[in-house]
Amino acid sequence: MIVRDHKDAEKTAVDEEKFISRRYTLRADGMGHSFHETYVKPGCALHMWYKNHKETVICIEGEGQIEDLTEGGKWDLKPGVLYALDKHQQHILSSEKGMTVLCCFSPSLVGPEDHDEQGSYALLDDDGSVLQR
């Protein structure tokens, strides 16, 4: 059994200009997915395109918006609202006052991933080497 708390997740946190991602489980945990808590900082909009991963996200605190740039559409996010990027959709996630979401990635992240210029994570091997951009 894996048991972790917020302090454990801080050890693998990625803190960028627009968001903080705390990574609770990663590929080395053998779950087949990775699980993250992401805080979108107030007034920020993140353009993302997970070409190598699928992602399911649920808002747990604050409010924001998800815009699908691939298929079209905008949806308001508030606690209890979930969205899933099942077709690698390009999207913009934004929040005026700050928002916390829980995210599940498949395949799982290794840990050091950071968004590239297109808003994507490279697909990494277990040792952190790039398999696919």
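Predicted model: local features only at pLDDT ≥ 70, side-chain atom pairs only at ≥ 80, totals over all residues.
Good morning. I begin with an open sheet of four strands, whose order is 4-9-6-7 and whose pairing is antiparallel. Two strands count as paired if DSSP finds at least two bridges between them. Strands here are DSSP runs (E, at least two residues), helices are DSSP runs too (H or I, at least four residues), and both are numbered from the N terminus. The edges of this sheet are strand 4 and strand 7 (74-77), each of which pairs on one side only. On average, neighbouring strands of the sheet are turned by 20 degrees against each other, direction ignored. For such angles, axes are lines fitted to C-alpha atoms, for helices over the stretch in contact, and angles run from 0 to 180 degrees between N-to-C directions.

Residues are numbered from 1 along each chain as its sequence is written, and side-chain values use heavy atoms, with hydrogens and water left out.

Let us stay with strand 4 for a moment. Strand 4 and strand 9 (residues 90-95) run antiparallel and are joined by six bridges. Within this pairing, Leu 46 has Leu 93 of strand 9 as its bridge partner.

I turn now to charged side chains. Side chains of opposite charge can pair when their charged atoms come close. A salt bridge is counted when a side-chain nitrogen of Lys or Arg lies within 4 Å of a carboxyl oxygen of Asp or Glu. How many salt bridges does the structure hold? There are eight.

One of them joins Arg 22 to Glu 10, at 2.4 Å from N to O. Arg 22 belongs to strand 2 (residues 19-25) and Glu 10 to helix 1 (residues 6-10), so this contact ties together parts 12 residues apart in sequence. Arg 22 also forms a salt bridge with Glu 37, with the closest N and O atoms 3.2 Å apart. That pair links distant parts of the chain, since Glu 37 is in strand 3 and Arg 22 in strand 2, 15 residues apart.

Arg 22 is buried at 12%, Glu 37 is buried at 14%, and Glu 10 is partly exposed at 37%.

A further salt bridge connects Asp 15 with Lys 41, the closest N and O atoms being 2.9 Å apart. Asp 15 lies in strand 1 (residues 14-15) and Lys 41 in the loop between strand 3 (34-40) and strand 4 (44-49), so the pair ties together parts 26 residues apart in sequence. Asp 15 is exposed, at 54% relative accessibility.

Finally, I come to the aromatic rings. Rings of Phe, Tyr and Trp (its six-membered ring) pair if their centres lie within 6.5 Å; planes under 30 degrees apart count as stacked, over 60 as edge-to-face, and the rest as tilted. This rule gives three aromatic pairs. Among them, Tyr 50 and Tyr 121 are stacked, with 5.1 Å from centre to centre and 25 degrees between the planes. Tyr 50 is buried at 3% relative accessibility, and Tyr 121 is buried at 3%. Together with Phe 105, Tyr 50 and Tyr 121 form one aromatic cluster. Thank you.

Definitions and conventions. Buried < 20%, exposed > 50% of the residue type's maximum accessible area, 1.4 Å probe, protein only.
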